[in-house]
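The briefing below describes how the parts of one structure are arranged, for a reader who wants the criteria stated beside the values. Please read it with the sequence and the coordinates at hand.

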Amino acid sequence: MTDSKQVLGPDDVRRVITRMAHEIIERNHGLDGVALIGLQRGGVWLAESLGAEIARIDHEIPVGSIDASLYRDDIGLRPVSPGSVSEVNFEIDGAIVVLVDDVLFTGRTVKAALDAITDYGRPSAVQLAVLVDRGHRELPIRPDFVGKNLPTSKDEQVAATAGGVVIS
Amino acid sequence: MKHFRSIDEAGPEAVRRLLDLADHMAEVNRRPNPKVPALRGKTVCNVFFEDSTRTRLSFETAAKRLSADIMNFAVSSSSVNKGESLRDTIETIAAMGVDAFVIRHKSSGVPWQVSDWTRASVINAGDGWHSHPTQALLDCYTIRTSLNRTESFDGLKIAIVGDIKHSRVARSDIRAFTMLGADVTLVAPRTLLPPVTDVPVVTELDDIIGDLDVIYLLRMQQERMTESLVPSLREYTIRFGLTPARAKRLPEHALIMHPGPMNRGVEMAVDPSELPGSVITQQVTNGIAVRMAVLFDLLGSGSNLEENE
């Protein structure tokens, strides 16, 4: 048995998403050209929630999802099971793409997603929004918008959903 | 999975997994730049001992879109003509460092033999009358996407029409379609039926054509005439060909499929481009996506990690 500890509850997650939505608008001086792309699988619900919150505050922006499993640097080294099919139904060229993921850990998934994004076009900028930054980066990647910084040890598991954030 | 040699050997779980994976590959193929780095550093070798254009090109394209290197071994200009044995040929190519062999051969069972001689993965691209599993996969994928049947083929009525006996496509399709839940019926003259089959057979296409979801026409091989298995191509067309009159009797939603190459005027006695239900070109397009799925599953997904050890 492992001890699991709830770090954020559902209400906390909701407030964090509201704050991040405001930060995204503030940082980009509005929403001109801004689009959200959730990373399969964990980032998709968060991108949708952020999109809904941004639409409530200001106006609707494009929300897509991307599956980066064909871009990973550990292909063949561990089992890969792709999530849902990527959906990018808007122009990437010139867009400000905010990549959205639930938990930022080694940074390798984000690196794969950056490679994937550039196959769709040339964004004018890419930013990174994560609900939880748990540290232990293995690549020079840092998030632009963070819900919660969470110091962890490498072997702990972090689950981040709309229902809360749990370490086990 | 280490090899992909037949539908039965792969089993229902792998077939569904590959069809799901093909959705991802099809999305890659729809992009302006249809290429991903997934299989960088892997080498695939096409070894075709029989003529082929679409299958070989399809595998070549699939490998390239996954960034694998591809070698094409052309039997006609090889040392096979100097009497080199199949085993020596395979071992020689394997020594150059190959991760997967894509094999087509006129003899049934060759892909199994080849996998005893090499540590590389083996993909069956057609062995004799026996099996052509990637064709079956692309046929399933085409039905699944065209009729929106992602979960299963339960209750789908599919007729496979023509020379079942000599057709590896038919054999693999029967296995795959029934595995996914379809009701398959074979339509053929008795001389072109296998001695034993576990699916229903009818000898009159007209009896069932009004109640089909898919009609799958097989190529009528000209050499069957010389073996006097059918009296004449004309007579074959009259009883088993898709004529304009029969095309009208097909339900509106029904798909018309053919593995190619097509004999116009024989099994296809109507211009398929004028039939709204024809998905023959989609079959070719989908062939790339399912072959990408097979290559990625064998070489990149890590699902064969334990088997390698």
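**Chain contact and overview**

Between the two chains, 14 residues of chain A are in contact with 14 residues of chain B, where contact requires C-beta atoms, placed from the backbone, to lie within 7 Å. On the side of chain A that touches chain B there are nine nonpolar, two polar and three charged residues, with Ala, Val, Leu, Ile, Met, Phe, Trp, Tyr, Cys and Pro counted as nonpolar, Asp, Glu, Lys and Arg as charged, and the others, Gly among them, as polar. The model is predicted, and local features need pLDDT of at least 70 while side-chain atom pairs count only at pLDDT 80 or more, although totals for chains, interfaces and linings use all residues. Residues are numbered from 1 along each chain as its sequence is written, and chains are lettered from A and ligands numbered from 1 in the order in which they are written.

**The sheet of chain A**

- Chain A holds an open sheet of five strands in the order 3-2-4-5-6, with parallel pairing; strands pair if DSSP finds at least two bridges between them, and helices (H or I, at least four residues) and strands (E, at least two) are DSSP runs numbered from the N terminus.
- Strand 3 (63-66) and strand 6 (145-149) of chain A each have a single partner strand, so one side of each is left without a neighbour in the sheet.
- Neighbouring strands of this sheet are turned by 25° against each other on average, direction ignored, with axes fitted to C-alpha atoms, for helices over the stretch in contact, and angles running from 0 to 180 degrees between N-to-C directions.
- Strand 4 (residues 96-104) and strand 5 (residues 125-133) of chain A pair in the parallel sense over eight bridges, and V100(A) has A129(A) in strand 5 of chain A as its bridge partner.
- Helix 3 (residues 108-120) of chain A packs on the sheet, where it touches strand 2, strand 3, strand 4 and strand 5 of chain A and makes about 155° with the direction of strand 4 of chain A.

**The domains of chain B**

- Chain B is assigned domain 1 (7-130 + 287-308) and domain 2 (133-284), with bounds that come from an automatic or database domain assignment.
- The centres of domain 1 and domain 2 of chain B, taken over C-alpha atoms, are separated by 26 Å, and 21 residues of domain 1 of chain B are in contact with 19 residues of domain 2 of chain B.
- Helix 1 of chain B gives eight residues, the largest share, to the side of domain 1 of chain B that touches domain 2 of chain B.
- The residues on that side of domain 1 of chain B divide into twelve nonpolar, five polar and four charged.

**The sheet of chain B**

- An open sheet of four strands in chain B has the order 2-1-3-4, with parallel pairing, and its edge strands, strand 2 (69-74) and strand 4 of chain B, each pair on one side only.
- Strand 3 (residues 100-105) and strand 4 of chain B pair in the parallel sense over five bridges, and I103(B) stands opposite N124(B) in strand 4 of chain B.

**The nonpolar core**

- The largest nonpolar core has 141 residues, and those with the most contacts inside it are F101(B), I160(B), V161(B), I215(B) and L295(B); such a core is a set of buried Ala, Val, Leu, Ile, Met, Phe, Trp, Tyr and Cys residues joined through C-beta atoms within 7 Å, and buried describes a residue with 20 or more other C-beta atoms within 10 Å of its own, against 12 or fewer for exposed and partly exposed in between, with C-beta atoms placed from the backbone.
- At least three residues of this core come from each of domain 1 and domain 2 of chain B.
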